[in-house]
Amino acid sequence: RAKHVEWLQSLAKRMAEKALDTKQVVELSPMSAYDRRVVHMALADLTGVSTRSEGEGDDRHLCIIPDAAAS
């Protein structure tokens, strides 16, 4: 489980960098509520991006939003 969390945190940071570089919203694949929470928490203190869950049921996924795209 710890390795899975590390992998999710690494993914979150890479995708946040992509969102900042491209100034576009990055949508991750659908994932469990626990996995989404890990990603939310990994990016909570990162300046320049915010996260939001979208979708319903098994299609619920995370969006990483660069601040430039939010305004």
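**A walk around strand E3**

Let's start with a pair of residues: Val26 stands opposite Ile64 in E3. What you're looking at is a predicted model, where local features need pLDDT of at least 70, side-chain atom pairs count only at pLDDT 80 or more, and totals for chains, interfaces and linings use all residues. Residues are numbered from 1 along each chain as its sequence is written, and side-chain values use heavy atoms, with hydrogens and water left out.

Val26 belongs to strand E1 (residues 26-27), which is joined to E3 by two bridges and runs antiparallel to it. Strands here are DSSP runs of E with at least two residues, helices are runs of H or I with at least four, and both are numbered from the N terminus. Two strands count as paired if DSSP finds at least two bridges between them. Leaving aside residues up to four places away in sequence, Val26 touches Met15, Lys18, Ala19, Leu62, Cys63 and Ile64; a contact is heavy atoms within 4.5 Å.

On to the other partner of E3. Strand E2 (residues 49-54) is joined to E3 by six bridges, again antiparallel. Within that pairing, Arg52 stands opposite Cys63, and Val49 has Pro66 as its bridge partner. E2 and E3 make a hairpin with six residues between them, and Gly55 in the turn has a positive phi of about 95 degrees.

How covered is E3 itself? Six of its six residues are buried, where buried means under 20% relative accessible area, exposed means over 50%, and partly exposed is in between (1.4 Å probe, protein chains only).

In soluble globular proteins, nonpolar side chains tend to be buried together. Here the largest nonpolar core has 17 residues, and those with the most contacts inside it are Met15, Val26, Leu28, Val39, Leu43 and Ile64. Helix H1 (2-22), helix H2 (33-43) and strand E3 (61-66) each supply at least two of the core residues, with the largest share, seven residues, coming from H1. A core in this sense is a set of buried Ala, Val, Leu, Ile, Met, Phe, Trp, Tyr and Cys residues joined through side-chain atoms within 4.5 Å.

What about charge on Asp35? Asp35 is buried yet has no salt bridge, and the nearest side chain of opposite charge, Arg1, is 6.7 Å away. A salt bridge needs a side-chain nitrogen of Lys or Arg within 4 Å of a carboxyl oxygen of Asp or Glu; Lys and Arg count as positive, Asp and Glu as negative, and His and the chain ends are not counted.
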